[in-house]
Amino acid sequence: MDHAQAELLDFTKPFDVSLLDSVVQSAFSPTSPTRAAANTVLMTIQENPSMWTRADAILESPAASLQSRYFALQVLTAAIKTRWKVMPEEQREGVKGYVVGKVINMSGDEKVMGNREERVFLGKLNLTLIGILKQEWPQSWPSFIPDLCGSSKTSELLCENNMAILKLLSEEVFDFGRNEMTSGKVKKMKESLNQEFSQIYQLCEFILTHSRKESLIQVTLSTLQRFLTWIPLGFIFQTSLIHTLLDTFFPVPSYRSNALLCLTEIATLTDLEPQYDTAFQSMFIKFTARMNEVFPPNTNLKDGWDNMKESEQVFIQRLALFQTGFLKAHLKVLETPAHSGTLITGLQYLVQISNVPSNEVFKICVDYWHTLAQDLYDSGTASSIPTPALNLGGGLRIEQRKQHYEQVLSGARHVMISRMAKPEEVLIVEDENGDVVRETTKDTELLAQYKTMKETLVYLTHLNYDDTETIMLSKLSMQVDGTQWSWNNLNTLCWGIGSISGAMNEEEEKRFLVTVIKDLLGLCEAKRGKDNKAIVASNIMYVVGQYPRFLKQHWKFLKTVVNKLFEFMHEVHPGVQDMACDTFLKIAQKCKRKFVTLQAGEKQPFINELVETLPQIISDLEPHQVQAFYESVGTLLSDKGQQVTINRVLLLKQLMDLPNRSWRMICDGANADVRNLLDPNTIKEVIKILKSNSKVCLTVGPLYIHQLNIIFLDMLNIYKIYSEHISKSVEAQGAIATRHAINRSMRTVKKEVLKLLSVFIEMSAAPECGPSEIATHFLPPVLDPILGDYMRNVKEARDAEVLGLFTVVVTKLKNFVEDKVPMIMEGTFECTLQMITTNFEDFPDHRVKFFGFLRAVNLHCFGALFQLPADHQRYVVDSVVWALKHTGRDISETGLDILHELLVNVSNNPEVAQGFYQQFLLALIQDVFAVLTDRLHKSGFKMHATLLQNMFHLVATNRVTVPLFDVSTQPQGTTNEVWLRGHVSNLLITSFSNLTPGQVEAFVNGLFDLNIDLPTFKTHLRNFLIELQEFRAEDNSGLFQEEKDSETRAKIEALGQKRAQVPGMIKPSEIQGGIDDDL
């Protein structure tokens, strides 16, 4: 292969196409012994800057294989993308002429157009031509559009490919362009395409009117669809285009689907002047009439779906897109007496489409039902504000609107209830074998669908509660009497019932739920078989978990439900116990006041009875379920409102009696013989006890100090004993000892200790345990066994949770531990850096937690950083720089955040600022430039821009008063700004040879411009970076990630605010604090 590489790169000889073929064949053959070497050769010759000059020889050689031709085309395309600007003009013209000639020759050849492989190759060649257009058109190739349109009328074969080129051009300019071209270039191409579109439209019209060639018409319709999103409206509404699509092509089955795509693009045009309303009205009427010729609106599509051809199913999906797109955009123009009948017919089509057993089609329909129901609900809410003669939709009043849609909305309710997606609270599912099992993974797509369906059904319930209740109770009665009994029918019904929690008033909710819960409890008793009972039990638990308001107001029902949950905790069917524990936790969170206060007819608060019978309740639970139960009871104990008169300290002691007795036995055994702690069963028991303590600490909060006092010192002793045992094992057997089962278990104990301490400090608060008390009494005993163990241990035995613990310590205790930060950093900093700086992969948890700790110190104990020795201060800055250069996005973005916060803190502390700037500022500017211009950190572009603007403006506003340069080498009077301008300019010119001095000067001027805001500064950087890509083919979408993220966040925030205003829209478990009594 080395000889082949040398021959192929010898430009003094004619190119050996057959030799390239043999290399390519080896590279593409999975059985070739030289495959890896051949791939290396191909990559090497592809990277040669002169290899593109051989492309024509390969492409024109009759002996060249298809793979070799693809290779040549790839080389040529890459050269056009990355080297076009540095090619001599005659070479550019030669390449352009060759590619155009090749496209014309291939697209005009019937053999090529009839061969599938050659057509695919021609498609790739078209993309190469588009690459040239992106460089040359319109400024250097203004005749391209006229030339292409003119040549199209000479041959239908040529015309077909020309339409494909126009389609690609439209996509590049309007869909993908900004990632690879500057904003000015994209704008100019858009303007040119708009100005010359009349010629393109005339060509499309000519084809659709005169051609009889099916493939040409299909590609023209497909190309026209891309144009319809941006062309001037006159070409749509002042021509016969809509008439041609509806009357000429839609009635023909072979063209119907592509014609429908074009109509959908027109139908979804929004923000138009009212003058176009009549055109949309007539379009919808004519379309509905044409659809009636295909099939009537009452056609049962559900039953016939499986027998449809694939093309027919695709048509149904596109029909759903058209109907929903049109009605979203133009519903109001159809809400007139003259068009209301057609509107209802269109919605009846949508009801039938919603029933087809295709999830993709169903999601399209659900999205529209959500939009319609929300619109009707919002208009009804608006009607509560008195307005004179309020009219909507050109003549339909609000109540008329609701009544007008009632029939189709009832159909939508049936669809939503019968097809409700599974909520995340349900853990029991039916697998592909028909068995009832515990769910093992979460389907995120299904959860998103449930959210949309829940919101839709909530809106539909608000619009007509009686109809929703009638449908649900009717379906429930058919489950009880067995006429429609099935797991799926009961599941979807109960998921629907649970989803409308809060959407009715309290009286309606009471009447409805009494019937539902009684029927479900009766069904649980009546059904036989483990699987049947498990399904009914899961639905009971889901429903009651969604209605805490009802349970909270009806103690007897609440007590019955909770006792039923305790009963389910003894049911060993997979998933039932987990779901019972989860449901009890949700009820505890929302109804805790009822458990800790005395209720009518009771002798004592229920929690007293609960802790007394706790051993019996949890006797059949697995360890993780026991921990969930302790979390639930801890949640009850967290209620400390004025009405709560229970002795919380005593109840906490009683709650922890079982684990504390076990803990005492373990400690007594260790006092007798420390080797008892090394027993595997003892270690497992210690882990379970610590996990239960963590759950209780997380929920009861500062009250936990009473329990921690009982186990604190013993816990630290156990930590120390296990640490010493692990260290001795490693000393005797090497790092492999950390992988032994006994040592792994001991490390788990250590991690649980660290987790418990972290949770306790995080939850601590006055008066039980304020930050001063924690720093004085609890922190000192922790430092030696934990900090000392971390520093002394081998790297494989160090626990990342130690860094997490001290991050919490610094974050929570702030200035109370500032004097201890140097000691903490001495014990963690250098030894951790040695672990994580050897490469970018090892010890990922340590990396994340290390930089989290460093950020916490910078934010909360900034002064401590400058109490460190000078060389340690440099370690801090170097570690931040190393973080922002990290290939892991989370680490690099944390590094950027730390640097930004560090610069802000430094600027606010004049006593350290100038020394910091003189030592670090120039290097930091260069480091940020390095990550800005590399290929790996585009997601951090927002913070790159923020940091650069901050640092350059520090210099431009003369806030850096010390010289950043060696004054002995510069003329007297040189300022930091003058020197830095020259330094950055030289740095860029030497690093990027394709930049001209003018480009560099303009860019550097923008860096120091104090009059531009951050968004403008980012655009300035983006355009510069895209100019740099002339030498590299890159995906630059990451440079626009901030705008995408910002837009997404704004939408989510607005949606969240709107959802919060609709009763029932937010699940009870998502309501913060909320529905329980005021604490």
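Is Arg-874 buried, exposed or partly exposed? Arg-874 counts as partly exposed, because its relative accessibility is 34%, where buried means under 20% relative accessible area, exposed over 50% and partly exposed in between, computed with a 1.4 Å probe on protein chains only.

1. Basis of the note. This is a predicted model, in which local features need pLDDT of at least 70 and side-chain atom pairs count only at pLDDT 80 or more, whereas totals for chains, interfaces and linings use all residues. Residues are numbered from 1 along each chain as its sequence is written, and side-chain values use heavy atoms, with hydrogens and water left out.

2. UniProt, in an unreviewed entry, places the feature "domain: Importin N-terminal" at residues 38-105; the positions are in the numbering used here, feature names are shortened, and annotations may be inferred rather than shown by experiment. Over residues 38-105 the chain is 75% helix and 0% strand, with the end C-alpha atoms 32 Å apart. Helices (H or I, at least four residues) and strands (E, at least two) are DSSP runs, numbered from the N terminus.

3. Helix 6. Helix 6 covers residues 89-107, and its 19 residues reach 27 Å from first to last C-alpha, close to the 27 Å expected at 1.5 Å a residue, the expected span being 1.5 Å times one less than the number of residues. The buried residues of helix 6 are Arg-92, Val-95, Lys-96, Val-99, Lys-102, Val-103, Met-106 and Ser-107. They lie on the same side of helix 6 because they cover an arc of only 135 degrees around the axis, the arc being that of the directions from the helix axis to the C-beta atoms. On the other side of helix 6, Glu-89, Glu-90 and Asn-105 are exposed.

4. The whole structure holds 44 salt bridges, each defined as a side-chain nitrogen of Lys or Arg within 4 Å of a carboxyl oxygen of Asp or Glu. One of them joins Arg-413 to Asp-467, with the closest N and O atoms 2.8 Å apart; this pair links distant parts of the chain, as Arg-413 is in helix 22 (residues 398-418) and Asp-467 in helix 24 (residues 465-480), 54 residues apart. Arg-413 counts as buried at 0% relative accessibility, and Asp-467 counts as buried at 17%. Glu-509 and Arg-549 also meet through their side chains in a salt bridge (3.0 Å, N to O), and here helix 26 (residues 506-526) supplies Glu-509 while helix 28 (residues 548-553) supplies Arg-549, 40 residues apart. Glu-509 is buried at 2% relative accessibility, whereas Arg-549 is partly exposed at 26%.

5. Arg-874 forms a salt bridge with Asp-878, the closest N and O atoms being 4.0 Å apart. Arg-874 and Asp-878 are separated by about one helical turn, because they are 4 residues apart in helix 43 (residues 870-884). Asp-878 counts as partly exposed, at 38% relative accessibility. Elsewhere, Asp-247, Lys-286, Arg-290 and Glu-293 are linked in a network of salt bridges.

6. Cysteines. With a disulfide taken as a pair of cysteine sulfur atoms within 2.5 Å, the count comes to 0 disulfides. The sulfur of Cys-159 is too far for a bond, because the closest cysteine sulfur, in Cys-204, is 8.4 Å away; Cys-159 is buried, with a relative accessible area of 2%. For Cys-697 the closest cysteine sulfur is in Cys-769, at 8.5 Å, which is again too far for a bond, and Cys-697 counts as buried at 0% relative accessibility.
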